[in-house]
Amino acid sequence: FDYRYDHLMKQWEEAPPMVNRRSLFASASGPGNFAYVAGGLGRPHRRHTSLREESSVNALQTAEVYDARMNRWSLIPPMPAPRFKCSGIIMNGKFYVIGGKDANNKPLSSAEEYDILTSKWRTIEDMYLIKSRADIFDCMPPLVAVLRNRLYAVEVNTSTLKVYENHLNTWKDVSKLPILADIGNGCGVMFKALGDHGLLIMGDLGDLLFGCCWSPGESSEWRVLCHINVQPTFHGCRFLCNCPVMSC
């Protein structure tokens, strides 16, 4: 089932499903009453053999937009190529699908840019050059957020916050994270935008889960907002499956 939350009525209600069912896809909301999704995994392709039934990865290149006022999904032009485990952002009035993996399960450093006004896609090669520990764990979706219309990312391998320089198509170091983030190759680390602040939620090697924030133009130091005691859930790590952010 698909649901949407009505913040005025403070209740959940059933919503129409996407045109294409998918998981591990990129998504972003805005501008206006629209949300965009692209890529992800669809239902596995299956083929019968004399020995067994095998399943293969079904990476999608389709994309959709949700109109909150009309309460419906509509297809938009597909991306140039399929990808999954990617992340989505809205920046400068465009929808970006960043990183992830291709149909052959290979990591991608490129991004797809969708111009909402012209309904056209453009591939940006080598846009996402953030290191990960692929030798230990499978790569996670990129930890990215837009603050003051600039793209920031957490590089878990070096526990560094980076900013994207659009005109140079390169990344620049901004600050060190307050805690090492390379445990589990980014599993259990969440980086979200909350207004003009970047919100980082992650655990340490002990029993603590930290919430920290940082804002462009302020000190390079992160400010600890809170910490709570939790029990390890995954190989001794504080494993976070998801982290929605809501401002009032």
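Q: Is E64 buried or exposed?
A: In this predicted model, local features need pLDDT of at least 70 and side-chain atom pairs count only at pLDDT 80 or more, whereas totals for chains, interfaces and linings use all residues. Residues are numbered from 1 along each chain as its sequence is written, and side-chain values use heavy atoms, with hydrogens and water left out. Buried means under 20% relative accessible area, exposed over 50%, and partly exposed in between (1.4 Å probe, protein chains only). The relative accessibility of E64 is 0%, so E64 counts as buried.

Q: Which residue meets E64 in a salt bridge?
A: A salt bridge is a side-chain nitrogen of Lys or Arg within 4 Å of a carboxyl oxygen of Asp or Glu. The N to O separation for the partner of E64 is 2.8 Å. The partner lies 42 residues away, in the loop between β2 (11-14) and β3 (26-29), while E64 belongs to strand β7 (residues 63-67); strands are DSSP runs of E with at least two residues, numbered from the N terminus.

Q: How far apart are the closest N and O atoms of E113 and K94?
A: E113 and K94 form a salt bridge that links strand β11 (residues 111-115) with strand β10, 19 residues apart. E113 is buried at a relative accessible area of 5%, whereas K94 is partly exposed at 23%. The closest N and O atoms are separated by 3.7 Å.

Q: Which strands stand at the edges of the open sheet of four strands?
A: The order of this sheet is β13-β14-β15-β16, with antiparallel pairing; two strands pair if DSSP finds at least two bridges between them. Within it, four bridges join β14 to β15, and A153 stands opposite K162 in β15. The edge strands each have a single partner, so one side of each is left without a neighbour in the sheet: β13 and β16.

Q: What is the phi of N149?
A: N149 lies in the loop between β13 (144-147) and β14 (150-155), and is partly exposed, with a relative accessible area of 40%. N92, in the loop between β9 and β10 (94-98), has a positive phi of about 55 degrees although it is not a glycine. N149 is likewise not a glycine, and its phi is positive, at about 65 degrees.

Q: What separates the C-alpha atoms of P80 and W121?
A: P80 lies in the loop between β8 (72-76) and β9 (87-91) and is partly exposed, with a relative accessible area of 47%. Not counting residues up to four places away in sequence, P80 touches Q61, E112, W121 and T123. P80 and W121 are 41 residues apart along the chain, and their C-alpha atoms are separated by 7.1 Å.

Conventions
Contact = heavy atoms within 4.5 Å.
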